[in-house]
Amino acid sequence: ARFMIGEIHFARKQHKEAIKHFLRTAFGYGHKEWSALGYFEAGRCFEVIKDVPKAIAQYKEMIKKYPKHAKVDTARQRIAALGG
């Protein structure tokens, strides 16, 4: 549910609020799939608000903690596109 609340805030362009929910998902529940997606989506939010270092950090953390997740290749592509 926390992740979905983040998605709602993202859709409403409330990116800073979405980040809070995505990171709570990443840190708070210990579920591999949702935690990985929490980091990834937080990275997307940081990109939108133009905080590139934090976006890259979220993508790297996701790759480090969940190296077999389906979004790892996309995270690597985003890091490269952002110059990380």
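Trainee: What should I know before reading any values?

Mentor: This is a predicted model, in which local features need pLDDT of at least 70 and side-chain atom pairs count only at pLDDT 80 or more, while totals for chains, interfaces and linings use all residues. Residues are numbered from 1 along each chain as its sequence is written, and side-chain values use heavy atoms, with hydrogens and water left out.

Trainee: OK, how do H1 and H2 cross?

Mentor: The axes of H1 and H2 come within 8 Å and cross at roughly 165°, where axes are lines fitted to C-alpha atoms, for helices over the stretch in contact, and angles run from 0 to 180 degrees between N-to-C directions. The helices themselves (H or I, at least four residues) are DSSP runs, numbered from the N terminus. H1 and H2 are therefore roughly antiparallel to each other, a term for angles over 145 degrees, whereas angles under 35 count as roughly parallel.

Trainee: And which hand does the crossing of H1 and H2 have, left or right?

Mentor: The crossing of H1 and H2 is left-handed, which is to say that the near helix is turned anticlockwise from the far one by less than a right angle.

Trainee: Which residues of H1 and H2 meet there?

Mentor: From H1 there are Arg 2, Phe 3, Ile 5, Gly 6, Glu 7, His 9 and Phe 10, and they meet His 15, Glu 17, Ala 18, His 21, Phe 22, Arg 24 and Thr 25 in H2, with contact meaning heavy atoms within 4.5 Å. By class, the contact of H1 with H2 divides into 5 nonpolar, 5 polar and 4 charged residues; Ala, Val, Leu, Ile, Met, Phe, Trp, Tyr, Cys and Pro count as nonpolar, Asp, Glu, Lys and Arg as charged, and the others, Gly among them, as polar.

Trainee: Which residues of H1 are buried?

Mentor: Phe 3, Gly 6, His 9 and Phe 10 are the buried residues of H1, where buried means under 20% relative accessible area, exposed over 50% and partly exposed in between, with a 1.4 Å probe and protein chains only. Seen down the axis of H1, these buried residues fall within an arc of 115°, so they line one face of the helix; the arc is that of the directions from the helix axis to the C-beta atoms. What covers them includes helix H2 (15-28) and H3.

Trainee: What does His 9 touch?

Mentor: Not counting residues up to four places away in sequence, His 9 touches Gln 14, His 15, Glu 17, Ala 18 and His 21, and at 15% relative accessibility it counts as buried. His 15, found in helix H2, is also buried, with a relative accessible area of 11%. Leaving aside neighbours within four places in sequence, His 15 is in contact with His 9, Phe 10, Cys 45, Val 48 and Ile 49.

Trainee: Switching to H3, how does H1 lie against it?

Mentor: The axes of helix H1 (residues 2-11) and H3 come within 11 Å and cross at roughly 20°, and H1 and H3 are therefore roughly parallel to each other. The contact is made by Phe 3, Met 4, Glu 7 and Phe 10 of H1 and Trp 34, Leu 37, Gly 38, Glu 41, Arg 44, Cys 45 and Val 48 of H3.

Trainee: What about H3 and H4, how do they cross?

Mentor: The axes of helix H3 (residues 32-48) and helix H4 (residues 52-65) come within 7 Å and cross at roughly 165°, and that makes H3 roughly antiparallel to H4. By class, the contact of H3 with H4 has 8 nonpolar, 2 polar and 5 charged residues.

Trainee: Is Phe 40 buried or exposed?

Mentor: Phe 40 is buried, with a relative accessible area of 3%, and its place is in helix H3. Not counting residues up to four places away in sequence, Phe 40 touches Tyr 59, Met 62, Lys 71, Thr 74 and Ala 75.

Trainee: Last one, where is Tyr 29?

Mentor: Tyr 29 lies in the loop between H2 and H3, and this residue is exposed, with a relative accessible area of 53%. Leaving aside neighbours within four places in sequence, Tyr 29 is in contact with Arg 2 and Arg 24. The C-alpha atoms of Tyr 29 and Arg 2, 27 residues apart along the chain, are separated by 9.7 Å.

Methods
Helices (H or I, at least four residues) and strands (E, at least two) are DSSP runs, numbered from the N terminus. Angles under 35 degrees count as roughly parallel, over 145 as roughly antiparallel, 65 to 115 as roughly perpendicular and the rest as oblique.
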